[in-house]
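Biologist: Could we go through this structure together? I would like to begin with the terms and then move on to particular residues.

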Amino acid sequence: MEEAGAAVATAGEAELNLSRLSVSLETLESELEARGEERRGAREALLRLLLPHNRLVSLPRALGSGFPHLQLLDVSGNALTALGPELLALRGLRTLLAKNNRLGGPGALPKGLAQSPLCRSLQVLNLSGNCFQEVPTSLLELRALQTLSLGGNQLQSIPAEIENLRSLECLYLGGNFIKEIPPELGNLPSLNYLVLCDNKIQSVPPQLSQLHSLRSLSLHNNLLTYLPREILNLIHLEELSLRGNPLVVRFVRDLTYDPPTLLELAARTIKIRNISYTPYDLPGNLLRYLSLASNCPNPKCGGVYFDCCVRQIKFVDFCGKYRLPLMHYLCSPECSSPCSSASHSSTSQSESDSEDEASVAAHRMQKVLLG
């Protein structure tokens, strides 16, 4: 920007760049009003308006009337504490960049956002570097969103209603204080990129394996010690970032094991021996219970389990370079590898089975970042 108040118009004046102007808000308002008047008689509508780094404390009033065809608005790097009702007048807005402001308090987003035309038009929303402690409820109604960035805020959790954003392709939530990943996050069929780095996450729900479109998963700098074995089902995953986690190099098996109930023992026997039954033979609650059987992942076992299982971490090989701890659920302690002084130098059979399983999926993992 050469002189204060100067504006740069590009792409046939479809873009108006008013960034870093050393002028008062009143002067900026006058500039926008004048530009809006110019555009009313022009053939080509203004599509992109750039207002970053102008020390704005509120949205310019001129937005509400002078730019009806605007598709991109950038108000990043200002001092905004709220996005006012002027935003709702931008009925065709597709991209809103409002990172590095002071948004996050009550009224940070305009009332009626979820019922406005923006609910159908807005595709990209960047609110990173603000002060949000929770994901605003109105954002979860923006059904057309494809990219949502809320990195570098103060988020404590991810709401289960995140599953409402069915069109979401990229979700950036890095640099917050998130401790848990809700299972509902696995219900986003179009999600390609998921960034959850630099949080306080301790475990990954197996439901993330339902993200069949996922190509990149960033989990570095969290508190993870293992991953669910279901992560091998992410057939399109090309990048998995895990550096900066306390991923264990050795795992001491938890020997505490509550024996199965008589109900579970009976149900296991029915399933393992393929005892036939019909809906007329058993009460409804037992039929439902029998339908909950899970197969033991040990290929040498062939057993099943219901409520009682043994959790065990296995180290599997990815790309022949990294050993990744994955969680297994076994039907009994006998399915885990034996521990004896004579076997310390050899690889256990069950561990080998896990590595064989990983080798099938290893070609799907083109990039695993552990350090």
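Modeller: Let us settle one term first: a residue counts as buried when its relative accessible area is under 20%, as exposed when that area is over 50%, and as partly exposed in between. Please also keep in mind that this is a predicted model.

Biologist: Understood. Is Arg268 buried or exposed by that rule?

Modeller: Arg268 has a relative accessibility of 9%, so it counts as buried.

Biologist: What does Arg268 pair with, and at what distance?

Modeller: Arg268 forms a salt bridge with Glu264, and their closest N and O atoms are 3.0 Å apart. Glu264 is buried as well, with a relative accessible area of 1%.

Biologist: How are Arg268 and Glu264 placed along helix α4?

Modeller: They are 4 residues apart in α4, which means that about one helical turn separates them.

Biologist: Which residues of α4 are buried?

Modeller: In α4, which spans residues 262–272, the buried residues are Glu264, Ala267 and Arg268. They lie on the same side of α4 because they cover an arc of only 105 degrees around the axis.

Biologist: And what covers the buried residues of α4?

Modeller: The cover includes helix α5 (284–290) and strand β14 (304–305).

Biologist: What follows α4?

Modeller: Asn274 follows α4, and its phi is positive, near 55 degrees.

Biologist: I also noticed Arg55 and Asn100. What is the phi of each?

Modeller: Arg55 is not a glycine, yet its phi is positive, at about 60 degrees. Asn100 is likewise not a glycine and has a positive phi of about 55 degrees.

Biologist: Where are Arg55 and Asn100 found?

Modeller: Arg55 is in the loop between β3 (48–50) and α2 (63–66), while Asn100 is in the loop between β5 (95–97) and α3. Arg55 is exposed, with a relative accessible area of 64%, and Asn100 counts as partly exposed at 45% relative accessibility.

Biologist: Back to salt bridges. How many does a search of the whole structure find?

Modeller: The search finds 4 salt bridges in the whole structure. One of them joins Glu238 and Arg215, with the closest N and O atoms 3.1 Å apart. Glu238 lies in the loop between β11 (227–228) and β12 (239–241) and Arg215 in the loop between β9 (193–195) and β10 (216–218), so this pair ties together parts that are 23 residues apart in sequence.

Biologist: What is the relative accessible area of Glu238, and what is that of Arg215?

Modeller: Glu238 is partly exposed, at 33%, and Arg215 is partly exposed, at 34%. Another salt bridge links the side chains of Arg143 and Glu141, at 3.0 Å from N to O. Arg143 counts as partly exposed at 42% relative accessibility, and Glu141 is partly exposed with a relative accessible area of 28%.

Biologist: Where does Asp74 sit, and what is it in contact with?

Modeller: Asp74 is in strand β4, residues 72–74. Leaving aside neighbours within four places in sequence, Asp74 is in contact with Leu49, Leu50, Leu51, Pro52 and Leu97.

Biologist: What about Glu29: buried or exposed?

Modeller: Glu29 is buried, with a relative accessible area of 6%, and lies in helix α1. Not counting residues up to four places away in sequence, Glu29 touches Leu59, Pro60, Arg61 and Ala62. Glu29 and Pro60 are 31 residues apart in sequence, while their C-alpha atoms are 6.0 Å apart in space.

Biologist: Lastly, which residues touch the most other members of the largest nonpolar core?

Modeller: Leu73, Leu83, Leu194 and Leu219 do, in a core of 69 residues. Helices α1 (25–40) and α3 (118–121) each supply at least two residues of this core. There is also a second, separate core of 6 residues, which includes Cys296, Tyr305, Val310 and Leu330.

Conventions
Residues numbered from 1 in each chain as written. Predicted model: local features only at pLDDT ≥ 70, side-chain atom pairs only at ≥ 80, totals over all residues. Heavy atoms only, no water. Core = buried A, V, L, I, M, F, W, Y, C linked by side-chain atoms within 4.5 Å. Buried < 20%, exposed > 50% of the residue type's maximum accessible area, 1.4 Å probe, protein only. Arc of directions from axis to C-beta. Contact = heavy atoms within 4.5 Å.
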